[in-house]
Amino acid sequence: MTNKNFGSMLRALLPLCILFSSMMLASCGDMAKDDDPKPTSNPIRWVNDPAKLEMLYSLVDLEGNKGRLYEMTYTVDYKLDEALNTGIVGQMSLMQFAMTQLLDKNPIDSKGLSFDAGCSAFACQDPESKDFIMGRNFDFTHRDKNGERVMIPVIVVHTAPAGGKKSVSFVDGQFINYKSGFYTDGTSDLSMLMALPYLLLDGINEDGFAISVLKLDGNPTRQHYSDRKNNIFTTVAMRMLLDRASTVSEATKMLEEYNMCMDNDKASYHFFMADATGDYAIVEYTFKEGEEYPTEMEVLKGDDAWRYVTNFYASPSMVDSPDGSVLSTHGKSRYNTLKENLSNSKYKLNPVQAMELLQKVAQGPDEEATRSTGFTQWSEVYNLNKKTVKMSILREFDKTFTFSVE
């Protein structure tokens, strides 16, 4: 059978795949879909494996055909062990891994991978159900060469690795150069969707462990300890933790086994994580005296002060840093809003109140105009006991979608 005929067969079968997926995937939209999803005719030039092609052609637009929110179940092996053994140290080596290990042919005209993140996050308890909750805003503004804001596609990714934990995670498609509506524009090559498991910005697994990444200013983390297993990059670490950790304690122990390497010249990141036992933590990589790059991993937990975080270092060891809690203004107003509201509620919010707090710290298109993190792309309330995520996109808080891990 020719590739052309095979592609035609897949597209002919797609409506059945969509129907089957809608029955099997643990997700649903709280609002009615606007139109029936349409199959794509976009090229996939660098993949020829039938199972991979079927997976890539199964993406579903959850709003019909708006091109803003997609969902996919990743059904093939994304080779986490190989990723961990490769020693991925940043964006370029992550892209190289994806091209050599996940694609079937090496693209000769591939565009670079980009990664960044702003955001707000917090942890609390629902006073009514006693369930534990994590709130999360992902804030980032993509702009074109003329300074105009680029509309992104959000991609919801379900994974169920052999021997690992099932999870659902969330991806900004623009980080692999996909714009809103890319899936049915007739031209965008879909091959780089194969990298989705390693592009997550937050997610939750079947045990109720959830994690998110938030941007920090300052130099990137570069650990080089000889007794560690290997180097690991931010999003690869998050994939490892969702696949293999059940609790915050397990996750932090796993991170301590690797050298964290973040190759951006002017940015570092910290993690906010929480679990179904009620535990939560901020994980930061901080400086030793005289160091140019952060090398010390700190776990901030066990105090209500670590229940919320934005975009400056929370660690007391960084208090005098330009990017620490005293001198930095990056995310300070959002941080103060989180602190005031959570303190006043005694750190107890129901899911509706949690989303309302996310709305209070959401950012509009004109805020923080000089920063790249100035627009809230999505807001999420994670129920860590029920393993569900309620999401709103683009500050449209009257329209939500619910996803779950089962």
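Here are some questions and answers about how features of this predicted model get their names.

The model is predicted, so local features need pLDDT of at least 70 and side-chain atom pairs count only at pLDDT 80 or more, while totals for chains, interfaces and linings use all residues. Residues are numbered from 1 along each chain as its sequence is written, and side-chain values use heavy atoms, leaving out hydrogens and water.

Q: Why is Asn383 called buried?
A: Buried means under 20% relative accessible area, exposed means over 50%, and partly exposed lies in between (1.4 Å probe, protein chains only). Asn383 has a relative accessible area of 9%, so Asn383 is buried.

Q: What makes Asp81 partly exposed?
A: Its relative accessible area is 45%. That value falls between the cut-offs of 20% and 50%, so the label is partly exposed.

Q: Where do Asn383 and Asp81 sit?
A: Asn383 is in strand E16, and Asp81 lies in helix H3 (residues 80–86). Helices (H or I, at least four residues) and strands (E, at least two) are DSSP runs, numbered from the N terminus.

Q: What makes the link between Asp81 and Arg244 a polar contact?
A: A polar contact is a pair of N or O atoms within 3.5 Å; within protein, one must be able to donate a hydrogen and the other to accept it, and residues adjacent in sequence count only if both atoms are side-chain atoms. The side chains of Asp81 and Arg244 are joined at 2.6 Å. The side chain of Asn383 also reaches the backbone nitrogen of Lys386, at 2.7 Å.

Q: Which residues does Asn383 touch, not counting residues up to four places away in sequence?
A: Asn383 touches Asp131, Phe132, Ile204 and Thr388. Contact here means heavy atoms within 4.5 Å.

Q: How do you know that the buried residues of helix H8 are on the same side?
A: In H8 (residues 351–360), the residues Ala354, Met355, Leu357 and Leu358 are buried. They cover an arc of only 155 degrees around the axis, which puts them on the same side of H8. The arc is taken from the directions from the helix axis to the C-beta atoms. On the other side, Val352 and Lys360 are exposed. Among the elements covering the buried residues are helix H7 (332–344) and strand E16 (376–383).

Q: Why is the pair of Phe138 and Trp378 called tilted?
A: Rings of Phe, Tyr and Trp (its six-membered ring) pair if their centres lie within 6.5 Å; planes under 30 degrees apart count as stacked, over 60 as edge-to-face and the rest as tilted. The centres of Phe138 and Trp378 are 4.5 Å apart and their planes are at 35 degrees, so the pair is tilted. Phe138 in strand E5 and Trp378 in strand E16 are 240 residues apart, so this pair links distant parts of the chain. Both Phe138 and Trp378 are buried.

Q: What makes the pair of Tyr74 and Tyr78 edge-to-face?
A: The angle between the planes is 75 degrees, and the rings are 5.7 Å centre to centre. Over 60 degrees counts as edge-to-face. Tyr74 and Tyr78 are both buried.

Q: How do you know that Arg149 lies over the face of Phe375?
A: A charge sits over a ring if NZ of Lys or CZ of Arg is within 6 Å of the ring centre and within 35 degrees of the ring normal. Arg149 is at 4.0 Å from the ring centre of Phe375. Lys332 lies over the face of Phe312, at 5.1 Å from the ring centre.
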